[in-house]
Amino acid sequence: MQQGEVMQMRTPLSCCGAGILQGGARHLWTRVFQAAWRMPGQYLVILQRDTHESQVQRSIRRLRARAARRGQPVELLQTFSGALRGFLVKMSREALQLAVKLPHVHYIEEDSSIFAQSAPWNLQRLLRPYDDGGMAEVYLMDGSVQSTHREVEGRVLITDFNHVPEEDGVRVHRQVSQCDSHGTHLAGVVSGSDSGVARGAAVNLVRVLNCQGKGTVSGALHLSNLQARPADALVVLLPFIGGFSRSLNTACRDLVSHGAVVIAAAGNHRDDACLYSPASEPEVITVGAVNSADQLMSQGAGGSNFGRCVDVFAPGDDIVSASSDCSTCFTSRSGTSQAAAHAAGTLMQTAGTQTLKGLTLWFVNTINLLPLPETQRLNTPNLVAKLTPPCHSLADQELLCRSVWSERSGRDRGDMAVSRCRQGEEMMSCSSVAPDGARAGEAITVNADYMECVAHNGPSGHGVYAVARCCVIGFLPSMNANYTSCQNCWPTGFPVASVHSFPGCTSHSTAELLSDSRSHPGHRRHCLAREIVTSQAVCCHASSLECHLVCRGLIPYLLLSGLFLQVELSCLPGWTLTDCKAVSEGSIVVEPVAKDNSCLVRGAAGENRTAGVAVCCRVTPQRDPETKAN
């Protein structure tokens, strides 16, 4: 089963949904789908978020008393009082039946294992070294680090946190160099004197992996203790993965909400990263690995994970860094752990001592994604992290956009999929993608302080994806601070004088959508749509942002699967794609997809009255604000 298996207590393992237990109570208990990673008999009992500390202790006493009356021992291992309220216990399946009936229980998750993910060309990408002892600190959640190695000596603090499981097997050869190997190499990648990306950065080790590179979800949950640290300059590096864990994802999301930047390895299983944690958490920056040719890292039968849950790729193959064999030794390792460390260092180079909240760095590159399944080929970002020179003038700023895909919706009529941007990013457009073409469109909704891209499944559809186009101006924590504030608006009745840019349109219909709403070519502050279609616009208050349309008709292509229509629209150098739509005058089924800086539109053969429409935007130099594109 994908992501986490949702188990029903007295039904087959393939059953999904809420388990209906004795007495009619509905509680979920979950476990990872990788059977070998499970820790049978060890459970995380997570209580409701507003549960008081005293109620946690009361729940523990109540569970122990009820289980004892039935001859079922319950061993308390840990309690949690941070982002997650609850406790970790060893108990039988019979005691589990009692635990789910406790008041305040939100869900129960079987504990599981997490694993390190380890694969000088990476430093050649950097245009300048960075050495500043005052930069942000990195909290590395790993095994041990040889703090006396010349690469990191004097910059590694071993924290007092130590929650790791015993090594597997009766005879475990625990050489110090083996215990330190993974953590030492990563510390060198981040801040090594010669091999480091952000030379001089302080590294704080939080030990959650044993000498075999193995830990537990329950141990990793203590990352919530980092909330007490100064969040304005806090980077948390998670170079491990486990099976999909609701608890671990929640802890990461809560840490981000307190201002930290959390960077995670995508995983080395050549699989969909959404099946693993913490890589699957949307608020985490998930990093895949590429080699020196900017192709996906390959390790025998494994390789870098991919898919919509990967945010960016970074160098992760044949990376030279500190070796724990001696204080002056170096070695080469590969993996998404190295890629995540590289991305963390790159992020810190650019940020320095500035706030890191919401900062995202992308560099558009060309990765060969053809070997991937079609859906993952479309939603895997073709982006490689890269450092560029610092820029201070508006003329040097670049508009950087990425496509954020949702999960696939259900197949029933009216089912929805939701995608949203990270804090600090602006949603400049919203699209819907249905593999079978049956979609009812999309709309942007506003919830609290953020916007959501909501896609609607068509009456005869088999599921739809919501795709948000999320943008920042290069190397600024937020466009809101200096440049723009984008919002959902209606073209008619909106105060046009206050709207400077118009980067995207949305469409929604009660029937299946055959043609998208798109920007008016003659009046750039209106969206055009067919009858019975509701159209909305995204309006940006940004005097420095200018946009223009690129339109082109679809061209027939003949493949082994048959004849179809396709067109790919690309923005000119210096311009960035903010919206991708398809326009049809007939009944043709079209599928627009924003892929990197191109708009790919596909349709079934049958009519030629179909076109792709892309919106391309750029930052205009302040010295010449009157230069606008038509």
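**Active site, cores and strands**

Author: Let's begin with the record: the unreviewed UniProt entry lists D142, H182 and S337 under "active site". UniProt positions are given in the numbering used here, feature names are shortened, and annotations may be inferred rather than shown by experiment. As for the model, it is predicted, so local features need pLDDT of at least 70 and side-chain atom pairs count only at pLDDT 80 or more, while totals for chains, interfaces and linings use all residues. Residues are numbered from 1 along each chain as its sequence is written, and side-chain values use heavy atoms, with hydrogens and water left out.

Reader: Ok, where does D142 lie? And is D142 buried or exposed?

Author: D142 lies in strand 8. Helices (H or I, at least four residues) and strands (E, at least two) are DSSP runs, numbered from the N terminus. At 2% relative accessibility, D142 counts as buried. Buried means under 20% relative accessible area, exposed over 50%, and partly exposed in between (1.4 Å probe, protein chains only).

Reader: What is D142 in contact with?

Author: Leaving aside neighbours within four places in sequence, the contacts of D142 include H182, G183 and P239. Contact here means heavy atoms within 4.5 Å. The D142 side chain also reaches the backbone nitrogen of G183 at 3.4 Å. That is a polar contact: a pair of N or O atoms within 3.5 Å, where within protein one must be able to donate a hydrogen and the other to accept it, and residues adjacent in sequence count only if both atoms are side-chain atoms.

Reader: And where is H182 found?

Author: H182 is found in helix 3, and at 8% relative accessibility H182 counts as buried too.

Reader: New topic: which residues touch the most other members in the largest nonpolar core?

Author: L140, L237, I263 and V287 do, out of 35 residues in that core. A nonpolar core is a set of buried Ala, Val, Leu, Ile, Met, Phe, Trp, Tyr and Cys residues joined through side-chain atoms within 4.5 Å.

Reader: Which element gives the most to this core?

Author: Helix 6, with 7 residues. There's also a second, separate core of 31 residues, and M141, V217, A251 and L255 are among them.

Reader: What about strand 27, how many of its residues are buried?

Author: 9 of its 9 residues are buried. Both faces are covered, with Y465 and V467 among the residues on one side and A466 and A468 among those on the other.

Reader: Which strands pair with strand 27?

Author: Strand 22 (residues 399–405) pairs with strand 27 in the antiparallel sense over 7 bridges. Strand 24 is joined to strand 27 by 7 bridges as well, and these two also run antiparallel. Two strands pair if DSSP finds at least two bridges between them.

Reader: Last one: where is R422, and what does its side chain lie 2.6 Å from?

Author: R422 sits in the loop between strand 23 (416–420) and strand 24 (426–433). A polar atom of the R422 side chain lies 2.6 Å from the backbone oxygen of V284. R422 is buried, with a relative accessible area of 9%.
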